[in-house]
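Subject: Model handover and findings

Hello,

Here is the model for your files. Please open it alongside this message.

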Amino acid sequence: MALFKGDAIKRVNKLLDKGEKRRTKLQKNIEKLQEDANLLYQVVQDDFNEAILEDKEPNKKLQSDLDKVRRELQTAQFQLSQIDAVIQSEMEKQKDAIEEERKDYVKDKGEEFHELFDEMNQLKLAYLEKLIEYRNKHREYEREYSNTFRDISHRLGLRTDDPREHHKLSINMRYQRMESYSPILTPEEHREAYMDGKLSYITAKNTQTFKK
């Protein structure tokens, strides 16, 4: 399986990061320009008032500076208003590439899951085959036990146990019990492994129970 590179995703993330960086820069610049414009406006007003009182011409450079700042402010505000549209336009160009990467990623990961499912299926088959082996062995045990002990026990007047109850496994168990732990897979164990991602408490405590 090829290593997933995600070049298109990287390009889009880089684009979004650059867009956010540009947005932050413009917002700070607009804030500063707005402050400069307010300050210059007050200076121009003060100069205009002074010119009237002193009977002289207003300082044209101050008005020119104010006009320049206002133009810069207007340009920055326009650029800020266009960022989302520009980013969206560029992202539209990447949609096909992203979709191809998504399909490749799903396909590659699908191969991993296919292998995992095969391993799980082999374990399931091995478990069921062992269950069949147990069933056949237990029935043979019942026959041998009865043939060996039934007549002699009857002659000696001894009580004979029901061999079906010896080494008994029940497929109807819903959950494990610490005092009578069983190798049968119960719904509770299945659920905890799948839903919680762990062995049930009792199962974890009995990993070595049947080892000699």
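Below are the findings, from the whole chain down to single residues.

First, the ground rules. This is a predicted model: local features need pLDDT of at least 70, side-chain atom pairs count only at pLDDT 80 or more, and totals for chains, interfaces and linings use all residues. Residues are numbered from 1 along each chain as its sequence is written, and side-chain values use heavy atoms, with hydrogens and water left out.

Overall fold

The protein chain has four helices and zero strands. Helices here are DSSP runs of H or I with at least four residues, strands are E runs of at least two, and both are numbered from the N terminus. The radius of gyration, taken over C-alpha atoms, is 41 Å, well over the 17 Å that the globule rule gives for 212 residues, so the chain is more spread out than a compact globule. That rule is 2.2 Å times the number of residues to the power 0.38. Along the principal axes, the C-alpha atoms fill a box of roughly 140 × 35 × 25 Å.

Of the 212 residues, 19% count as buried (under 20% relative accessible area; exposed is over 50%, partly exposed in between; 1.4 Å probe, protein chains only). Among contacts (heavy atoms within 4.5 Å) with a separation of 6 or more, 63% join residues 24 or more positions apart.

Serine 153 sits in helix H2, which covers residues 60-156. Serine 153 counts as buried because its relative accessibility is 8%. A polar atom of its side chain lies 2.6 Å from the backbone oxygen of phenylalanine 149. Beyond its neighbours within four places in sequence, serine 153 is in contact with Leu158 and Thr160.

Glutamate 99 is also in helix H2. At 31% relative accessibility, glutamate 99 is partly exposed. Its side chain makes a 2.7 Å polar contact with that of arginine 102 (N or O atoms within 3.5 Å; within protein, one able to donate a hydrogen and the other to accept it; residues adjacent in sequence count only if both atoms are side-chain atoms). Isoleucine 9 is 90 residues away along the chain, yet the two C-alpha atoms are separated by 9.9 Å.

Methionine 120 belongs to helix H2 too. Methionine 120 is partly exposed, at 48% relative accessible area.

Best regards
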